[in-house]
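Here is a short briefing for a first look at the structure. Please keep the sequence and the coordinates open while reading.

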Amino acid sequence: MTWNFDILPDFVFNGLSLGAIYGTVALSLVLIFKATTLINFATGELAMIGAFMVYVLHMEQGLWLWLSILIAMIISAGLGALIERTLTRPFDPADHLPVVLITLGLFLIFNALAGDIWNYQVRILSNPFGKFPSWVPGLGGDRFVMVLGSRLKYQSIGIWVTLALALFLLGLILNRTKMGLAFRAVSSNVESARLVGVHTGRTLGFGWALASAFGTLGAVLVAPQLGGVNPNMMATILIYALAGAALGGLDSMGGAVMGGVLIGLIQAVLVMWLGVVVMGQAYMSILQLAAAFVLILIVLLFRPSGLFGSRRVERV
Amino acid sequence: MSDDVIDEVGLVARNLHASYGAVEVLRGLDFEVAQGKVSVILGANGAGKTTTLRAICNMCNSSGDVTLGGQDISRLGTAEIVRRGVAHVPQGRGTFPELSVNDNLLVGAYVRKDKEVNDDIDRWFEIFPRLAERKEQLAGSLSGGEQQMLAVARALMSRPKLLLLDEPSLGLAPLIIEDLFTRFINLNKETGLTMLVVEQNANLALDMADFGYVIESGEITLSGPADQLKSDPAVQEAYLGA
């Protein structure tokens, strides 16, 4: 079998939309890392719980999908802030181990809790971007549009637009509001932030809230690609998001998104090619996972600050 | 009681203790800074100078009474103490390296609710033109002297009643130190800002101060008007290299 370049755009489109989702979850990781230099391992499971909230509100209670997503994001934000307040604030911020262990514990608790309530079957969740809406001329009701001879799914376009809007909003919050300024100050220098009168605890809670809301958005967007929601849905996504965040630079928000997108692209193009041409389909998912781990290793070995991360050069 | 009457009291610390774990760093300090005056605390490395300033801002495990303008601030959190009018320039600059110069000044005004914040920023840019040239640059990319100027301007953006300076001369070239201290003196003379400075550089510090204290191993061993301390043989031998 030889490489067929006609299907390349297909892979690129898929890679870019998966990558956008990794980027969203990576952003959730980076928001907390920037402020605390902590990896929140519960990020994915919190997002999964958020996706289940959408499932309950929309599929079971019949609420409008986007309203359900909005409510789930708000509840997730509250949950994130609550976790920060009750489980991380009592600990010494300079001692990372206890808090990392707590986030690992939360990972297991949320996963088991979701499994207990909803069991481990995949449950269908409506796709917010299933078919082009009727007001799009010539495409209304279609699932894709032909671009470069390949199918560009409405879902991919929807994911990109959503992520772009979310990033724009996040930029506004961080760069144009007082809370955003305080959050950036705490991320840069906690002690000095306290000395200008910033309530650091509340500000970190705000960061957790933002991060959790973003994670939920990512989980809702990824659900249709996984066939629906289930308690284990975010496990591998979290690893890819971590790889993306490490690649882009753990303390760079733009880098996290770029890193996530790059991981999606690498997976889709390189690994699928290897999978199809060299080894066959059966090894594909293992290869994808392996590629992510290898990438994390390479980045940590050769460029620990990532592609876009700051090296923190401080002159004295 | 009017504000003016309270304000004349300045900062008063009584029986100030502080410890890190089992190690007692401050063993009952008594000192004060009169309203509108400059006090300096001299001491060698490890004498407890930095801890004294941290204790005032409640940033370490401390006990004792600290009052500002007659009001007890010793049981308040750091963020609240800042709101009461204390600005602290910590050792090693204390700027926000990943924020632009402009944002550093903006966040310095975090506790203010008035509309004159941008006017104040412009004023600081006039006083420190070097900062104006670099206002969009990240603070972490500034030189040591520029960062110290930024840290001071950042602290004053809160329009404090009391400025705490932790070894402002540390790591700076002599010419820059002289320039900086001249600015401190002018600041005190022109605006009547109350200052508490801790320093190892006794010469410069005593020149700008009204009153001085010497601390050794967490205890005040000597105190008096700055002129008097300067001519004290013990101070001359230990800190002025005479």
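Predicted model: local features only at pLDDT ≥ 70, side-chain atom pairs only at ≥ 80, totals over all residues.

**Helix α3 of chain A**
- Helix α3 of chain A runs over residues 65–88 and has 24 residues.
- From first C-alpha to last, α3(A) reaches 33 Å, close to the 34 Å expected at 1.5 Å a residue.
- The buried residues of α3(A) include Ser68(A), Ile69(A), Ala72(A), Met73(A), Ser76(A) and Ala77(A).
- Also buried in α3(A) are Leu79(A), Gly80(A), Ile83(A), Glu84(A) and Thr88(A).
- An α-helix has 3.6 residues a turn, so residues three or four places apart point the same way.
- What do the buried residues of α3(A) pack against? Their partners are α2 (43–60), α4 (96–118) and α8 (200–222) of chain A.

**Val122(A) in its loop**
- Val122(A) sits in the loop between α4 and β1 (144–147) of chain A.
- Val122(A) is partly exposed because it has 14 other C-beta atoms within 10 Å, and a residue counts as buried at 20 or more and as exposed at 12 or fewer.
- Val229(A) is 107 residues from Val122(A) along the chain, yet their C-alpha atoms are separated by 5.5 Å.
- Leaving out residues up to four places away in sequence, Val122(A) touches Gly227(A), Gly228(A) and Asn230(A).

**Chain B against chain A**
- In this contact, 24 residues of chain B meet 20 residues of chain A.
- On the chain B side, α3 (78–83) and α4 (101–108) are the elements that give two or more residues.
- That side of chain B has 11 nonpolar, 10 polar and 3 charged residues.

Methods
Residues numbered from 1 in each chain as written. Chains lettered and ligands numbered in written order. Helix = DSSP H or I, 4+ residues; strand = E, 2+ residues; numbered from the N terminus. Expected span 1.5 Å × (residues − 1). Contact = placed C-beta atoms within 7 Å. Nonpolar A, V, L, I, M, F, W, Y, C, P; charged D, E, K, R; others polar.
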